[in-house]
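Student: I would like to learn how to read contacts between aromatic side chains in a model. Can we work through one?

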Amino acid sequence: MNYYGAKELAASFRTVRNNTIKIAEEIGEDKYGFRAAPETRSVAETLIHIARLPEIQYEIHGVQKRDTLAGFDFMSFIGPRIADEKSGRSKADILKLLADGRDQYAGWIDGLTDDFLGQALTMPQGGQPASRTRFEMLLAVKEHEMHHRAQLMVLERLLGMTPHLTRQFEAMRAQMMQQQSAVKS
């Protein structure tokens, strides 16, 4: 019995992407060019990168339905996506890209079977581990987005903002402390 399958993966991806969208909404478009250091992605570039992350896994598993990554031309696939990060998209375009990508990727994942998710793909020669399940590779999209979302939260701090998840936690903690004080009284 699987406790975490396609439906749970799709739901958790939606949650992660919704939090990314909230960050994208809260950062002003005038700050989308901000970068922590010269050689890092700007806010806009990071958001475009995040928005396009699912495309490679969809190509591998949904379009080509590969059973091996040997011979897959990663650079030809990701090259145009890296170029898109520098495209100068507007905030509205980026928000749409994030929302559309959420709906497409989560909608696709939602319909996958446990059998499909359990299939193993062989990695290119020298890859470690030598094989991975589709589930593991599809889950990596969410993990990768969370990595970049953490970077965005640091950028928010550098811009003088308190991230929404921090605000939510602080409000919950204040409420708990207030309830604890009321019980003691």
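Student: How many aromatic pairs does a search of the whole structure find?

Tutor: This is a predicted model. The search finds six aromatic pairs.

Student: What describes a pair of aromatic rings?

Tutor: The distance of the centres and the angle of the planes describe a pair. Take Phe-13 and Tyr-105: the ring centres are 4.9 Å apart and the planes stand at 65 degrees, so this pair is edge-to-face. Angles over 60 degrees count that way.

Student: Where in the chain do Phe-13 and Tyr-105 lie?

Tutor: Phe-13 belongs to helix H1 (residues 6–26) and Tyr-105 to helix H5 (residues 91–110).

Student: Are Phe-13 and Tyr-105 buried or exposed?

Tutor: Buried means under 20% relative accessible area. Phe-13 has 1%, so Phe-13 is buried. Tyr-105, at 4%, is buried as well.

Student: How is the pair of Tyr-105 and Trp-108 classed?

Tutor: The ring centres of Tyr-105 and Trp-108 are 6.0 Å apart and the planes are at 45 degrees, so the pair is tilted. Both residues are in helix H5, three residues apart, which means a separation of about one helical turn. Trp-108 counts as buried because its relative accessibility is 18%.

Student: Which residues do ring pairs link into a cluster?

Tutor: The cluster consists of Phe-13, Tyr-58, Tyr-105 and Trp-108.

Student: What sits over the ring of Phe-77?

Tutor: The charged end of Arg-81 does, 3.7 Å from the centre of the Phe-77 ring.

How values were computed: Residues numbered from 1 in each chain as written. Predicted model: local features only at pLDDT ≥ 70, side-chain atom pairs only at ≥ 80, totals over all residues. Heavy atoms only, no water. Phe/Tyr/Trp six-rings, centres within 6.5 Å; stacked < 30°, edge-to-face > 60°. Helix = DSSP H or I, 4+ residues; strand = E, 2+ residues; numbered from the N terminus. Buried < 20%, exposed > 50% of the residue type's maximum accessible area, 1.4 Å probe, protein only. Lys NZ or Arg CZ within 6 Å of the ring centre and 35° of its normal.
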